[in-house]
Amino acid sequence: MMAIPRFGSHQGWPLLANGFRPFFLLGSVYAGLAILVWLPVFYGELTLTSAFAPRDWHVHEMLYGYLPAVITGFLFTAIPNWTGRLPLQGTPLLTLVIFWIAGRLGVTFSAETGWLVAMLIDASFLLLVAAAAAREILAGRNWRNLNVVVLVLLLLAGNVAFHLEAHFHGAADTGIRIGIAVVVLLISLIGGRIIPSFTRNWLERENPGRVPAPFGRFDIIVVAIGALALVAWIVSSANRFTGTALVVAGLLHLVRLARWAGDRTGRERLLLILHIGYAFVPLGFLLNAAAAFGIVPVGAGIHAWMAGAAGIMTLAVMTRATLGHTGQQLTASATTQAIYVAIIVAALSRICAVIDPAHSELLLHLAAFTWAAAFFGFALSFGPLLAGADRRNARAGLVV
């Protein structure tokens, strides 16, 4: 039985009325800025003051900077629906925002502050997120969603491992794979809940006929096999056993996606984009399998998961959640659809830049500018909604 969310009136700054507001807005701006900074850094035209090597700064700020912001915004918007408790808002929410910003500054200027100070500040954010989420879920006796807290703690562990590895070994590899694996699992778990649910609701109302298969034993098996394949990939990304496990996981995720009737959602891009985003999960498994067998370069699968699955899914969730929780119609406007096109182009260009080195410079620029266009487009288009006052008819229960 689903808990009934309660919403307390927030008299302060509207941006602090709910978790999705500051973190979706700040996260989207940072995602665009970080990529525009990274491009001149990559070509040696700009030098960072980070203790991280340039590649590690880029990866870290996407994996442990941008993504935790969106995950936090989603979690503290979804948890009241899961538990029926009041949302995190006001000063507690502002505290999380300040720690997130401090982490970004600490990492970027860690050559001045020192790597240990940067790690402690940066890691504090995810620790606070996990503690606050666990408190709310336990208080609401919503035991089944504690697995999300476990994944946040694993993301925290990956972040700490990243800092330690970068400092003591000069580059982070295991910490990167841990973080990516956690993100893929989060998409598998949360996407596996919301995509078929939203699709079923829309199809029953707008396009009667075949509907998504309900969550069941098959989904549990697919997620479990995917998790085992990811563990093998973390331990050793380039051997035949890992490659085989990744192939099996990728094919099972393709079957899972096909069971959600995404081919019937073409009339509503707000739904279709969720299915497109999830398609990059099995693509990432299969490309990483191909890399394990030496068929394609390693980065292809990683960017399928990060630029593709993570980039597209976060924008899909941010647009839908913002519309629903601010009382707007749940449909994709022309501007929103343009954002979706930009992020899809960015993901495909970044993957192709790895596979086709001869055209990598052009493809890298295309990927960077379309990525920035997508996230800045979200910030400009949805920023007024995120910073504006709550509306009474917000469809909270429909969006997360």
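Start by selecting R55, D56 and D173: salt bridges link these three into a network. Keep in mind that you're looking at a predicted model. Zoom in on R55 and D56, where the closest N and O atoms of the salt bridge are 2.6 Å apart. How accessible are the two partners? R55 is partly exposed, with a relative accessible area of 38%, while D56 is buried at 1%.

Next, pick R104 and D122. They form a salt bridge too, with 2.9 Å between the closest N and O atoms. This pair links distant parts of the chain: R104 sits in helix α3 and D122 in helix α5 (residues 115-139), 18 residues apart. R104 counts as buried at 4% relative accessibility, and D122 is buried at 2%.

Now jump to helix α7 (residues 174-206) and select R200 and E204, which are 4 residues apart, so about one helical turn separates them. Their side chains meet in a salt bridge, 3.6 Å from N to O. R200 is partly exposed, at 25% relative accessibility. The count of salt bridges comes to 10.

Head back to α3 and show helix α1 (residues 20-42) with it. How do the two axes meet? They come within 11 Å and cross at roughly 15°, which means α1 runs roughly parallel to α3. The crossing is right-handed.

Last stop: select I101, L105 and F109. Together they make a nonpolar surface patch with about 260 Å² of accessible area. L105 belongs to helix α3 (residues 91-108) and is partly exposed, at 49% relative accessibility.

Note on methods
Residues are numbered from 1 along each chain as its sequence is written. This is a predicted model: local features need pLDDT of at least 70, side-chain atom pairs count only at pLDDT 80 or more; totals for chains, interfaces and linings use all residues. Side-chain values use heavy atoms; hydrogens and water are left out. Patches are made of residues with over 30% relative accessible area and no salt bridge: like charges are joined within 9 Å, nonpolar side chains (Val, Leu, Ile, Met, Phe, Trp, Tyr) within 5 Å. Accessible areas come from the Shrake-Rupley method with a 1.4 Å probe; for residues, only the protein chains shown count as cover. A salt bridge is a side-chain nitrogen of Lys or Arg within 4 Å of a carboxyl oxygen of Asp or Glu. Helices (H or I, at least four residues) and strands (E, at least two) are DSSP runs, numbered from the N terminus. Buried means under 20% relative accessible area, exposed over 50%, partly exposed in between (1.4 Å probe, protein chains only). Axes are lines fitted to C-alpha atoms, for helices over the stretch in contact, and angles run from 0 to 180 degrees between N-to-C directions. Angles under 35 degrees count as roughly parallel, over 145 as roughly antiparallel, 65 to 115 as roughly perpendicular and the rest as oblique. A crossing is left-handed if the near helix is turned anticlockwise from the far one by less than a right angle, and right-handed if clockwise.
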